[in-house]
Amino acid sequence: MNCEKCQELIHDLLDGTLSRADEFTLNTHLNECLDCQSVRQDLSAILGFCRSHRGEYETPPNAQALWLRIRNVVEAEAANVKVKSKAPRKSFLADLFGRSWELSLPQLASFAVAIMLLVSIVTVVGIRRFGNNPPIEQPQPLASNINERVFQRQQVINYWKQRVELNKARWSPEMRDTFDRNLQVIDAAVTQSLNELNRNPHDDISEQMLNESLNDKLALLKEFSDL
Amino acid sequence: MKATSLFRSTSVRRSLPFAVATVIAVCFSSAGFAQQHLSKRYQTGKNVRIELRNISGTIVVESWNKDEIRLSATMESPNAHIVPKQMDESLIVDVMNDNRGRGDVGDVNFKLQVPVSSSVDLETRRGQISVSNIRGSSVRAHVSTEGDIELTNITAGQVVAQNTIGNIFFDGEFSTGGTYEFKSTKGDITIRIPGNSAFRLVAASPARKIALGEFWNNGFKTQDGRRYVGDVGDGRSSVSVTNFSGQITFLRK
């Protein structure tokens, strides 16, 4: 028999309702186990006191009402516990800022280094992605006027032209001549298409040629900008 | 005896400086030549892709019956630096990248021998491009400024040839479902294909110099001779030809 089983049966033993076989087994365990023996002594003392002082304590005037009050208090407390458990969680930020931070010096230093690293990475990515970029090319034309549209493209072309001019001094004279000659050919195509479009604004072939010539010019400038 | 040896020693003495000078000249010139020439071989599979970005100079690509690439380059300047990179089934040569910050490296002339079913993507700022006997998935030849493009005996699903000044010549076949684009601002474009070729054509030339030859049919729509749009055969492939001031000519093989 184990202690748990034994302590369950001690009540029956003290009430005298235990069978002989169980009583024998229980007593055998109690003789061997001091803990269980101590429990039996305590329970026996409580029962003895109650029996000896039976009728000496006063019953409450209204026992039923007392039990109701006790039950109400117990139920109210149980309800409070439920409400507390269902209280909305604080948001992450509220939790973060509501918390009191106590950092050691190494933790503080690590935190500062992490922030510096993050700022550096964001700066480098930002410069690579957005720095030194050409003006954003406008999506093809809502502008009704062709010249206006060409002007918009020309803005982008001018940007790349400036970049090319910066590098041009490094090229060989042959390469410079070749570049200039080809740019002139493309410019001539642009001018011819523009003239044709000014004569006939609905000429879609000239419009196609104009767009392609401007694209070719832009592509040429971009290709030579990093030469 | 003495006279003979004297004569010999005198002639040796006279010719010695010339001999030394010749030897030095030969040594220096051969060293210089060695620096300006590169030749490498790369073992590959059959379907290899070659990407070549040149700055200036000619590019010649031709096929051979080997599963390897032979790259030969002649460099005008000893400063030129070329580091071909072989990755999986592709070979990349980027003269632009390899010589960044080195100033003008002059002309670099390439000759590549590649497997027949290679795909080639060739670019140069200036210079001629010639590709022959290729049956790969794509052939692209781009000259930013001036230089002729010659594509001979080509069968590829995608072909792009573009320059600003210079002629473009294509001799080959249009594959079913393929796309073909030829574009020049100032130069003649000549396309030589089999008579039974089937394609949808969009050809534009503001100079009105479009000659479709035997491929013309009544189904073609034209806008005052500057643009022709129509199908040849069942139009199984797509062909676009744009020439600003030169001639567009279609020839039958």
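Helix α1 of chain A (residues 3–15) has 13 residues and spans 19 Å from its first C-alpha to its last, close to the 18 Å expected at 1.5 Å a residue; the expected span is 1.5 Å times one less than the number of residues. Helices (H or I, at least four residues) and strands (E, at least two) are DSSP runs, numbered from the N terminus. The model is predicted: local features need pLDDT of at least 70 and side-chain atom pairs count only at pLDDT 80 or more, whereas totals for chains, interfaces and linings use all residues. Residues are numbered from 1 along each chain as its sequence is written, and chains are lettered from A and ligands numbered from 1 in the order in which they are written.

Helix α1 of chain A bends by about 30° at A:Leu9, the bend being the angle between axes fitted to the seven residues ending at a position and the seven starting there. A:Leu9 is also one of the buried residues of this helix, together with A:Cys6 and A:Ile10. A residue is buried if 20 or more other C-beta atoms, placed from the backbone, lie within 10 Å of its own, exposed if 12 or fewer do, and partly exposed in between. An α-helix has 3.6 residues a turn, so residues three or four places apart point the same way. The cover over the buried residues of α1 includes α2 (20–32) and α3 (34–52) of chain A. A:Gly16, with a positive phi near 80°, follows the helix.

Chain A as a whole contains nine helices and zero strands. Of its 227 residues, 13% count as buried. Two residues are in contact if their C-beta atoms, placed from the backbone, lie within 7 Å. Among the contacts in chain A with a separation of 6 or more, 56% are between residues 24 or more positions apart.

Chain B comprises two helices and 19 strands, and 37% of its 253 residues count as buried. Residues 24 or more positions apart account for 55% of the chain B contacts with a separation of 6 or more. The mean pLDDT of chain B is 88, with 86% of its residues at 70 or more; pLDDT is the predictor's confidence in each residue, from 0 to 100. Over residues 23–34 of chain B, pLDDT stays under 50, and the model has one contact beyond four places in sequence for this segment. The model scores ipTM 0.81 and pTM 0.64.

The largest nonpolar core has 53 residues, and those with the most contacts inside it are B:Val131, B:Val139 and B:Leu151. Strand β11 of chain B (residues 149–165) gives the most to this core, with six residues. A nonpolar core is a set of buried Ala, Val, Leu, Ile, Met, Phe, Trp, Tyr and Cys residues joined through C-beta atoms within 7 Å. Leaving out residues up to four places away in sequence, B:Val139 touches B:Val120, B:Val131, B:Ile134, B:Leu151, B:Ile154, B:Ala156 and B:Val159. A second, separate core of 17 residues includes A:Val190, A:Leu210, A:Phe224 and B:Phe244.

The contact between the chains takes 18 residues from chain A and 20 residues from chain B. On the side of chain A, the elements giving two or more residues are α8 (173–199) and α9 (204–225). The residues on this side divide into 10 nonpolar, four polar and four charged. Here Ala, Val, Leu, Ile, Met, Phe, Trp, Tyr, Cys and Pro count as nonpolar, Asp, Glu, Lys and Arg as charged, and the others, Gly among them, as polar.

B:Tyr180 is found in strand β12 of chain B (residues 168–186). This residue is buried, because 25 other C-beta atoms lie within 10 Å. Its C-alpha atom is separated by 6.2 Å from that of B:Ser238, 58 residues apart along the chain. Residues up to four places away in sequence aside, B:Tyr180 touches B:Val159, B:Phe174, B:Ser237, B:Ser238 and B:Val239.

Positive phi values occur at two loop residues of chain B. B:Asp88, which is not a glycine, has a phi of about 50° and lies in the loop between β5 (85–87) and β6 (90–94). B:Asp88 counts as exposed because it has 9 C-beta neighbours inside 10 Å. B:Arg208, also a residue other than glycine, has a positive phi near 60° and lies in the loop between β14 (199–204) and β15 (210–211). With 10 other C-beta atoms within 10 Å, B:Arg208 is exposed.
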